[in-house]
Amino acid sequence: MMGDASKAQEIFHTTLREAAQRAAQGELPNERFWVFRDARWRCLEASKTDLQAEPLEMEEQEMTEAAVSQIEQLEPAHLAIWISAAPEPQRTALALFYLDEFDYREIVDLADLKLSELSRLLAVGRRQFQAWLDATFPKSPTI
Amino acid sequence: MKTLRLSRRQRALANCAPLTEERIRDRSMRAAVFRARGSNDFANQQSFDRAVAALVRAIPIPPEAVEWFSGKDLISPSKWTWKKTARNPAVLAIGIALVVIAGVFVFNFVGRLNDFPGSGTARKLLGIAGSTRSVLLDPVTGDAGTLSDLFFLKHGLEHYDVPAEFADFRTIGCRVFDDDEAHRVAQIWVVEKRMQFFLFPAERNTKTGAVLQFSGWRYVHQEGWVGAVTERNGVCFMAALRGRQKDLAPYIPKVKQ
């Protein structure tokens, strides 16, 4: 979400501190995902103060079988930066989806999206990521 | 590979399909994945997603953060609570049904506790007492105790005797009729609290024909009427009035019931 480990860690600790305080006062919300919702809100707040990339039309490419080998060449940090640079709510959708801990209904609930919106954000995100992969790891020309 | 046609919703679901089919938790997603999994696009999507997820898992997490979640699921399963279970409509319906069934059992059990030989007939006669009008009875003025001779001489009913406790009560009328089981029943209406007396054959053992005796007085209740029943010489006597047991109790001798 943040693309910056130190900021992410700071938000993580703030969220847990808030949770501990609420627990001590017996005020924990009776909602299953409130910690994640709270953490997401803090990420969005923190991102507001960051430098924002100018919105630009990103290229899209259909996914290919070669994508897997392209992704394997990536550093995890590159992926984190790429996702964190995505506009909201696409960033949340991609981060929660690829965390592989939530199902689509939970993501829809957490990110206040409709199923059709989540579907579109993921599909577009995949194509944009494929275009970025193609640009980063150009295919060798076939003779 | 074959390409199946997907509805718009199924296409949306397929785009959100989890990385493995084991993680599918709902039927609509299962159906969408089932239809989509024959296509190249979906196969590419799944490989792509798995590769990205593997990379996400490789993102280093600071050790302090790892400690918080070591050995635990990131998301705890929703807690099972009595409150939550009780609010489930199916559980609620079953609960209400069980309470009703238990209530019926308790009601029947309590009713059976006061049963005695002839109690069924006594209840039926209380129903008759409630619907009887004085014009139905032959007018007879005298002491209730004297009607035993009338029943014997006119109707051939032996031992249809009014107990001594009620023998002095002044009568308004009487009649003899057959109940729905062809038993001869004598009915007497007295002045005192517009009470009614019934004399009817005691219940018998169906195999031996022996009278099923019981001692003392037993109470029965039916439709706002109360009756006190005793058995002597194979004939049951019931004093009945509209009201409660405490209205009838002063007339009943204080003996073991």
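Two residues are in contact here if their C-beta atoms, placed from the backbone, lie within 7 Å. In chain A, 68% of the contacts with a separation of 6 or more are accounted for by residues 24 or more positions apart, and in chain B 55% of the contacts between residues at least 6 apart in sequence join residues at least 24 apart.

The structure is a predicted model, in which local features need pLDDT of at least 70 and side-chain atom pairs count only at pLDDT 80 or more, while totals for chains, interfaces and linings use all residues. Residues are numbered from 1 along each chain as its sequence is written, and chains are lettered from A and ligands numbered from 1 in the order in which they are written.

**The two chains**

Helices (H or I, at least four residues) and strands (E, at least two) are DSSP runs, numbered from the N terminus. Chain A has seven helices and zero strands, and its pattern along the sequence reads α-α-α-α-α-α-α. Chain B has nine helices and seven strands. A residue is called buried if 20 or more other C-beta atoms lie within 10 Å of its own, exposed if 12 or fewer do, and partly exposed in between, with C-beta atoms placed from the backbone. By that rule, buried residues make up 29% of the 143 residues in chain A, and 25% of the 257 residues of chain B.

**Helix contacts**

Axes are lines fitted to C-alpha atoms, for helices over the stretch in contact, and angles run from 0 to 180 degrees between N-to-C directions. In chain A, the axes of helix α1 (residues 5–24) and helix α2 (residues 34–48) come within 10 Å and cross at roughly 135°, which makes α1(A) oblique to α2(A). Angles under 35 degrees count as roughly parallel, over 145 as roughly antiparallel, 65 to 115 as roughly perpendicular and the rest as oblique. From α1(A) the contact draws on K7(A), I11(A), T14(A), T15(A), E18(A) and A19(A), and from α2(A) on V35(A), D38(A), A39(A), R42(A), C43(A) and A46(A). These residues divide into six nonpolar, two polar and four charged, where Ala, Val, Leu, Ile, Met, Phe, Trp, Tyr, Cys and Pro count as nonpolar, Asp, Glu, Lys and Arg as charged, and the others, Gly among them, as polar.

In chain B, α1(B) and helix α2 (residues 27–36) pack at an angle of about 90° with their axes 9 Å apart, and α1(B) and α2(B) are therefore roughly perpendicular to each other. Here Q10(B), L13(B) and A14(B) of α1(B) meet S28(B), M29(B), A32(B), V33(B), R35(B) and A36(B) of α2(B).

**Where the chains meet**

Between the chains, 24 residues of chain B are in contact with 29 residues of chain A. On the side of chain B that touches chain A, α1 (8–15), α3 (40–57) and α4 (63–69) of chain B each supply at least two residues, and the largest share, nine residues, comes from α3(B). By class, this side of chain B has 17 nonpolar, five polar and two charged residues.

**The sheet of chain B**

Seven strands of chain B form an open sheet in the order β1-β2-β3-β4-β7-β6-β5, with antiparallel pairing; two strands pair if DSSP finds at least two bridges between them. At the edges stand β1 (138–139) and β5 (218–222) of chain B, each with a single partner strand, so one side of each is left without a neighbour in the sheet. The table lists some of the pairings.

| Strands | Sense | Bridges | Facing residues |
|---|---|---|---|
| β1(B) and β2(B) | antiparallel | two | D138(B) and C174(B) |
| β2(B) and β3(B) | antiparallel | seven | T171(B) and V190(B) |
| β3(B) and β4(B) | antiparallel | four | I188(B) and F197(B) |

Strand β3 (residues 184–190) of chain B has six of its seven residues buried, so it is largely enclosed by the rest of the structure. The hairpin of β2(B) and β3(B) has five residues between the strands, and A182(B) takes a positive phi near 60° there. β3(B) and β4(B) also form a hairpin with five residues between them, in whose turn K193(B) has a positive phi of about 50°. Helix α8 (residues 147–155) of chain B lies across β2 and β3 of chain B and runs at about 35° to β2(B).
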